[in-house]
Every structure is written in C-alpha cells, then in structure tokens.
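Hello,

Here is the structure I said I would pass on. Please open it first, then read the notes below.

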Amino acid sequence: MLERILRILEEDCRTTPKEIATRLGIEEAEVQRLIAEADKQGVIMGYGAIVNWAAVAPERVFAFISVSAQPERDIGFDDIANRIARFPEVHSVYLVSGTHDLTVVVEAEDFREVAAFVAEKLAPLPGVRSTATSFVLKIYKLEGRLMGDGGEGDRRLAVSP
Amino acid sequence: MSRLPSRLRINSYVANMPPSGIRKFFDLVLGMEDVISLGVGEPDFPTPWRMCDAAVDCMQRGYTSYTSNLGMLPLRSAIADYLRAEFGVSYDPETEILVTNGVSEALDLVMRALLEPGDEVLVAEPCYVAYAACVELAGGRAVMIRTRAEDEFKLRADDVEAAITDRTRGILFGYPNNPTGAVMTREDLQPIAEVVARYGLVCISDEIYAHLTYNGTHTCFASLPGMKEHTVLLNGFSKAYAMTGWRLGYACAPAPVIEAMNRIHAYTALCAPILAQFAALEGLRQCRPERDAMIESYDQRRRYVLAALKEMGLDCFEPKGAFYVFPSVRSTGLDSEEFAERLLNSQKVAVVPGNAFGASGAGHVRCCYATSMENLRAAMERLAAFLDSLPRQV
C-alpha cells in the first residue's frame, strides 16, 4: 500500500491524504500514518516542485561530470563521494559502473561557475584522478515528464460513443 | 444545392436511421470553450510508446503491405496465448480468430454472416450505440432487453427468456458495460448460459472492456462450460492498450463462423492495418506493465468520482468495470437530456445523457472518468455547484 501512496505523491505531492484514501479505498488515518512513517524514515526525502529552469533562467546550466577516483581501503568511494556531495552546487552524486566511478550532476548560474567548480574544487581533491565535464544542452525528459511538444494535451473528441 | 440525379437515392433504411443521441450532444459541445469533458468513450493515455515505436520500426523496414485476410499469424497466435492465459479460453489461431478493423467491424461482420432478413437478435441495453444499428443494417431485428439500476444493470436470464421467439437467433451484450460500468460475474453469467444452451442460441459477447474490471477478474462468456460453441467473442486493443485510433479488434468463434465472417471481411476490408497489427503484437508481448498501470490509474479515479458523486447526493451504484459511472439524476427532477444540457451550459461540464444508449438509460447520465485528476477535481466541483443551483426536490 505504501508503494501505491508513494506513486501518487511522486506524481503530485499536493494530493491530499483524503483524496489518496478515496482513490485507494482505504482510511484517511491509515494514509496519514503511512506518510508520516515514510517521512520519518527518510523514504520520502522532500516535497519539491519539478522546475523547468530553462524556461525561467535560460543561462542557468547543468553539467554531468564523470569522475575517476581512487578508492580507499574498506570504505571504497564513500569518503570522496560524500566530500563532493557537500558542495552546494552539486545537485546529485552517483557511484556508477563503467568507464568512470562517480557521476556528479552540477547546477550553476552559468558555465564559468561550473568551470571554476571543477578547476578549483573538484579536480584538486585528493583522490580525484580525472574529470570529464558534459554540459546539458537541451532537456527532453525530466523526472519522468516529457518537455515541450512531447504529445501533451488532450486531442480526443469532446464527446464520443 | 444542385439536385441529385433522379436515380441517385439514399437507401431508405439508411435515410431513416435515427441519428445517434451522442451525435446531437456532440454538436452542442462543439464550439464551446473551456469545457471539461466527461463525455469521451476512450482512454486518456496515449498508446504505450513501445507499441508506437514498433509501428515506426515496421514502417522504416518497409512492412507497409496487406497481411493475410485473417490477420498476421504471429498476432493471432499471440491473441490465442493471451486469451488462454488471461481468461482460460482456447482458440485455434489458424481457424478460429479473425483480426478486424476494431470491434466495430467485427460486430458488423458477425451480423451479416449470421442473419437472414427478419431474424431477431436480443440486445441488452443500455448499450453501445452501434449494437442495434449493426443488427438492423444486416436485415435483422434488434429486440432490446432492459436492464435495471436496481440490478446494477446486470442482464437477467428471465428477461432474456421472455423475449425469445421463433425468430430469435442470438443475444448480444457487452460486459463490462458501456455506458453503465456494470460487470457480469461468472455467477451472473451462468443462468444466461443455461438459456443460451436450452434454446440453441448464439451469444455475441463484446468484451472490449474485459481488462478494465476492478475488484475481481473478468469472466469470458466462452469460458463457461459448453459455451465456446455458442459464442462469438469480440475483443480488441482500443481500451486495454489505449489504441482507439489504430482500429484493431478481433473476433473468436467456431471455425465455420470465422470462415463466413472472413469471406465478407476479405471483400470489404481486406485486412486490418499492418502497422496496427505490429503495434498490437508488441503490446501483447511487452506492454503488460503499461497496461496494468493504466488499469490501476482508472481504478483510483473510479473510486474518487464515485465518492464525489455520493457526497453530492447523486444516486449511483458502484460500477466495477470499464471507465464510466452512470449516476441517476432523477432526484434533480430533470431528465437525462435536460440535466446534461443545463450542466453543459451553466458549468461547462460535458456528460452524455443516458438515453443515448437506449431507453433504459433514461434518468441517468454517463460520466467517463478517463481524464486527468486535475480535470476530475474541477469537474466534480462544478457538478456540485450545478446541483446546488437547482431548486430542491421534496
């Protein structure tokens, strides 16, 4: 049941517990209890809006930085990853398989800020062996939602049999 | 307008066919802006992308030709596997399955393949608007059988039996039902099967909404003991796979019936569109998660709308299938058409008058909940405001 509640909130976090309860055919109190528990346990990490920044601040940039790093005995990449994650311009950090070790998503006011972050903060970190920065040029799908003219809008006839 | 040549005349039966009650309402809605429509009869999801991609791929590789009249064998085999796995019925893909241009074509074919002039077909109503017309265009006579709100619009065996005459050839119904959302369980269908067997009738069972069954599983009429030989099963991809615009359905029946239907189909349609067939095949093979997610979403909206209608004081039985609710509007003192027209004009919410689906739908309206939650919330608010604006009935 929790998973079904989470799916609804993931789709629209403004959905009220009352409506969720009705849609799932359970008691409102039960919905409130499950959500409170998920909040407490960090299953729900927050309730933000999904913002298409390109529409508001076109100069704002996102970059995917592929980082090769030196793992450490017993803790692997945890220390270096946490250290990178604490920088405010870092949006997300993933340990990945493949040709490099960490994928770091950076959000900044403009590309110079990204360049400065890489040159002055990220690359000099002890344990970082190399970085490769890919700037996001255009977003086609974000958080499960298609951007722009990806087929949105109801094109059905208003009345049909 | 210039005069038509004297011998260019419209066939008198066609000329006298009453227009669909839906058509009239469609014309009213057309041209109005900001209408929230609960008047549609199709999914609000686009076709799952995997299926669209399969069709694009098929075009790119040059698969743009005719197919076998019956439909591509891999698709018929996939349909046979699916029917066996989901509903426990076995059909031979070589001889017992015909792929058609939607269930609409299959319905037309079965009537033309089976009926002699004057033969009667019992039709459970309220029902899809094409049922009676298809019977009568084939020269038959549609004998409507009422179903009732107090029976949750289920078909009753005693009503069926009472309508049988020497000319009765068969019975046609669709469950889960458009427009009521009613379903027939195995226990509900059993007495109907007994009547069908006793009189040697054919049962044309339109199961296009089969997957849209909530709180339980759909029973295929052909899966009842002894019923396969009596049944022409109609189904398709429009609802469960959100493929309405592709036009793809199928009929399953004993081989001589499929053979007869295919004779007509070969001359009038040749085959169903190849792109749609490739897309459907992909759907059956790969898109179960997408299908199930759509059904879960309909079910949530069904509960939401039902609760909202009850809160407003509209009398509504719980529909357990399709994507419609069919509340009674009698408590407002308005008939179906007045209710729908006034709701449209004052609050810009479109619903379809129940009598568009047959006389026994009178006093009800069909509301389709296959639209966004955002639309549904707004529509329910407007509907509540409309009800508040009506003078209180004592």
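**What was found**

Start at B:Val110. Leaving aside neighbours within four places in sequence, B:Val110 is in contact with B:Ile204, B:Val232, B:Ala251 and B:Met261. Keep in mind that this is a predicted model.

B:Val110 also belongs to the largest nonpolar core, which has 123 residues. Together with B:Val123 and B:Ala251, B:Val110 touches the most other members. Helix H5 of chain B (residues 102-114) gives the most to this core, with 8 residues. Domain 1 (12-47 + 289-388) and domain 2 (49-286) of chain B both contribute residues, so the core lies between them. There is a second, separate core of 17 residues. Its members include A:Ile80, A:Ile84, A:Val104 and A:Val128.

Next, the sheets. An open sheet of 7 strands in chain B has the order S2-S8-S7-S6-S5-S3-S4, with mixed pairing. Its edge strands are S2 (97-100) and S4 (141-146), and each pairs on one side only. The twist averages 20° from one strand to the next.

Within chain B, S3 (residues 120-125) and S4 run parallel, paired over 6 bridges. B:Val121 stands opposite B:Ala142 in S4(B). Helix H9 of chain B (residues 255-268) packs on the sheet and touches S2, S7 and S8. The direction of H9 makes about 30° with that of S2(B).

Chain B also has an open sheet of 3 strands, in the order S9-S12-S11, with antiparallel pairing. S9 (324-325) and S11 (352-353) of chain B each have a single partner strand, so one side of each is left without a neighbour in the sheet. B:Tyr324 stands opposite B:Cys368 in S12(B).

Best wishes

Definitions and conventions. Residues are numbered from 1 along each chain as its sequence is written. Chains are lettered from A and ligands numbered from 1 in the order in which they are written. This is a predicted model: local features need pLDDT of at least 70, side-chain atom pairs count only at pLDDT 80 or more; totals for chains, interfaces and linings use all residues. Two strands pair if DSSP finds at least two bridges between them. Helices (H or I, at least four residues) and strands (E, at least two) are DSSP runs, numbered from the N terminus. A nonpolar core is a set of buried Ala, Val, Leu, Ile, Met, Phe, Trp, Tyr and Cys residues joined through C-beta atoms within 7 Å. A residue is buried if 20 or more other C-beta atoms lie within 10 Å of its own, exposed if 12 or fewer, and partly exposed in between; C-beta atoms are placed from the backbone. Domain bounds come from an automatic or database domain assignment. Two residues are in contact if their C-beta atoms, placed from the backbone, lie within 7 Å. Axes are lines fitted to C-alpha atoms, for helices over the stretch in contact, and angles run from 0 to 180 degrees between N-to-C directions.
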